There are 2 protein chains.
Amino acid sequence: MRLKLRNIFLVYFVVSSVGLLYAVLQLGQQCDCSHQMKSLGMGRPKEQNPGHAKGPREKHVVDQLPVIYLVTPTYARPHQRAELIRMSQTLLLVPDLHWILVEDSAERSPLVADLLAQSGLHYTHLNVLTPPPMKLKEGDPNWLKPRGVEQRNEGLRWLRVNQSPMDRGVVYFADDDNTYSVNLFKEMRYTQKVSVWPVGLVGGLKYERPLVDKGHVVGFHTAWKTHRPFPIDMAGFAVSLSLLLMHPEARFDPNTERGFLESSLLTHLVSMEELEPRADNCTKIWVWHTRTEKPKLKQEEALEKLGRGSDPNILVYLSHDYQHIVKAF
Amino acid sequence: MRLKLRNIFLVYFVVSSVGLLYAVLQLGQQCDCSHQMKSLGMGRPKEQNPGHAKGPREKHVVDQLPVIYLVTPTYARPHQRAELIRMSQTLLLVPDLHWILVEDSAERSPLVADLLAQSGLHYTHLNVLTPPPMKLKEGDPNWLKPRGVEQRNEGLRWLRVNQSPMDRGVVYFADDDNTYSVNLFKEMRYTQKVSVWPVGLVGGLKYERPLVDKGHVVGFHTAWKTHRPFPIDMAGFAVSLSLLLMHPEARFDPNTERGFLESSLLTHLVSMEELEPRADNCTKIWVWHTRTEKPKLKQEEALEKLGRGSDPNILVYLSHDYQHIVKAF
């Protein structure tokens, strides 16, 4: 009887010790909140990646999501900071995104560097100056010369140096004044070669879109230069990273005829039949070619003449890390 | 000796049983991820609140955060959907926010109703038509008549009916084309009476802002109608909910002189000395008075004449719940 009790006690001791150990371990442990955050459309907290940096490969192995590389050309203007902040806040809602922001400038600016450092995004900050003969002049209409060509090519160059064809990813050329629904990024993530979808408010139409029959693109709803090989706006397609890396010659041609910029890249990569229609067979609009009005600054110029213009420290608010370079402005 | 062993066993039994019970309870329990999500600037998942509804009072008791009531006038135009989606995605990053979206229309539109239902935000959808004599006509310059006056007053009316002066909250009048940094909402949340801050790209200046001395507003950096009682843009102030409810006569005067709309509300509520400067004594810009260009739709009109205009089902994508009312368009 005494022996029996001891045996029961021993078995109970072992079982309950395991239970206690588990309870003690639970006390100090953090929750895995990735599921809840994903259901809200949030990625994990992004590790910051200031300046030039290697792609976030380690992270992808864990996440198993192809990375969206967003190549965004940008240039200095009074509303640049507003535009980039607005866009960065949308991108915060997209998991596994790497923002490659390329300034049209001789040097990377503190304004953009600081904005990126505070964005909470995974990013790479690049710059390349558009050669003066290719640049729009004050008063030139927007359409006269293509903008952002050198910057998009710089993004491609960076990807080719820093990524390998084995990396799963997709590349999207996202201007800084368009409007993006977070749904768009879900559509493009699993691109095999080149995926396409409608773009709102572009080409003089309420939308342009590929026409789809039995899952294949058979034409385009567009009203301008319909003879282009790919009558698609820059915002209307994404390219698989590995396809881009397998075709090192594929880039945007700065000397191409007006309207043919997108085609100058795509003809290296894909045929119309191979395009992958997204957004419910190209029937949903998740990106709009919005443009922000150039702000009117007449009063500013008048105040400047009186020596009472805006304070650059207020215009370009920099966090403490960047205060020492504010004089660059 | 036998008795002692039994006592030890009994004590151990009680202690380990509690441990086991805790371990078993932990197994089925969900994590509390609110802390992680807050550190990312995310609120808890918002419960949806379609149509007219009571304020989210129960929730606040738990959160202990004053609610930000955002009153946004909106009107139908080709880029309305883009603007509202872009804005709603910024608001998703703000905890404890209640969006009161007021359409300038005779009826609430399925486009806006569906967009709100899919937004993930806590919201109220209202409408009121601006009387035709007060309305801007096609081709009128933007500044000729104030826009959104009736809609902002409708938002105030709703707050007065549905909230009590005991509710902690702050009211901000947020147009649907401005650019908002999420930092702005942190600045306004603990408003006692009326808080103020700079606004970028407004009044012909790079920014307008209150001038602050020893923590008090002593003047304004502005260049247009400087004799206004409150030379502040609509985006540059927020009002405590209880102050608004204590002054039922406070509203926007649709017949006031151009530029005096903000003053027509504020003079009921506060004196200049009482204004609460935010954003580091009004030295940081977290909101910009951006405007989106009216899209050019020449090709659309040409196609419409040929009977090949845009498909309304694509323009106004409605989720399944709203498909049955798509014919309203």
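**Annotated sites, sheet pairing and nonpolar cores**

Asp177(A) is located in the loop that connects S4 with strand S5 (179-180) of chain A. The model described here is a predicted one. In UniProt, an unreviewed entry lists Asp177(A) under the feature "binding site". The relative accessibility of Asp177(A) is 19%, and the residue therefore counts as buried, since the limit for this class is under 20% relative accessible area. Leaving aside residues up to four places away in sequence, Asp177(A) touches Glu83(A), Thr290(A) and Arg291(A), as well as Arg86(B).

When residues up to four places away in sequence are not counted, the contacts of Asn281(A) are Arg209(A), Val212(A) and Gly215(A).

Most residues other than glycine have a negative phi. Asp280(A), which is found in helix H10 of chain A, has instead a positive phi near 50°. Cys282(A) is also found in helix H10 of chain A, and its phi is positive at about 60° although Cys282(A) is not a glycine. The relative accessible area of Cys282(A) is 0%, so this residue is buried.

As a whole, chain A contains 12 helices and 12 strands. Of its 329 residues, 55% are buried. Chain A exposes about 15400 Å², of which carbon and sulfur atoms supply 57%. Among contacts in chain A between residues at least 6 apart in sequence, those that join residues at least 24 apart make up 75%.

Within chain A, strand S10 (residues 237-240) pairs with two strands. Strand S4 (residues 169-173) of chain A is joined to S10(A) by three bridges, and these two strands run antiparallel. In this pairing, Tyr172(A) stands opposite Ala238(A). Strand S6 (residues 194-196) of chain A is likewise joined to S10(A) by three bridges in an antiparallel arrangement. Here Ser195(A) is the residue that stands opposite Ala238(A).

In chain B, an open sheet of seven strands with mixed pairing has the order S3-S2-S1-S4-S10-S6-S11. Its edge strands are strand S3 (122-127) and strand S11 (276-277) of chain B, each of which pairs on one side only. Strand S2 (residues 97-103) of chain B pairs with S3(B) in the parallel sense, over six bridges. Ile100(B) stands opposite Thr124(B) in S3(B).

The aromatic residues were examined next. A search of the whole structure finds 10 aromatic pairs over all chains. In one of them, the ring centres of Tyr172(A) and Tyr180(A) are 6.1 Å apart and the planes meet at 85°, so the pair is edge-to-face; the angle that this class requires is over 60 degrees. Both Tyr172(A) and Tyr180(A) are buried. In chain B, Tyr172(B) and Tyr180(B) form an edge-to-face pair, with 6.1 Å from centre to centre and 85° between the planes. Tyr172(B) and Tyr180(B) are both buried. In chain A, one aromatic cluster is formed by Tyr172(A), Tyr180(A), Phe185(A) and Trp197(A).

In soluble globular proteins, nonpolar side chains tend to be buried together. The largest nonpolar core of this model has 81 residues, and the members that touch the most others are Trp99(A), Tyr172(A), Trp99(B) and Tyr172(B). A second, separate core of 34 residues includes Ile100(B), Val102(B), Val149(B) and Leu244(B). For Trp99(B), the contacts beyond four places in sequence include Leu70(B), Leu84(B), Met87(B), Leu91(B), Leu116(B) and Leu121(B). Also among the residues that Trp99(B) touches are His122(B), Tyr123(B) and Thr124(B).

Technical notes:
Residues numbered from 1 in each chain as written. Chains lettered and ligands numbered in written order. Predicted model: local features only at pLDDT ≥ 70, side-chain atom pairs only at ≥ 80, totals over all residues. Heavy atoms only, no water. Core = buried A, V, L, I, M, F, W, Y, C linked by side-chain atoms within 4.5 Å. Buried < 20%, exposed > 50% of the residue type's maximum accessible area, 1.4 Å probe, protein only. Contact = heavy atoms within 4.5 Å. Pairing = 2+ DSSP bridges. Helix = DSSP H or I, 4+ residues; strand = E, 2+ residues; numbered from the N terminus. Areas by Shrake-Rupley, 256 points an atom, 1.4 Å probe, with all protein chains shown as cover. Phe/Tyr/Trp six-rings, centres within 6.5 Å; stacked < 30°, edge-to-face > 60°. UniProt positions renumbered as here; feature names shortened; annotations may be inferred.
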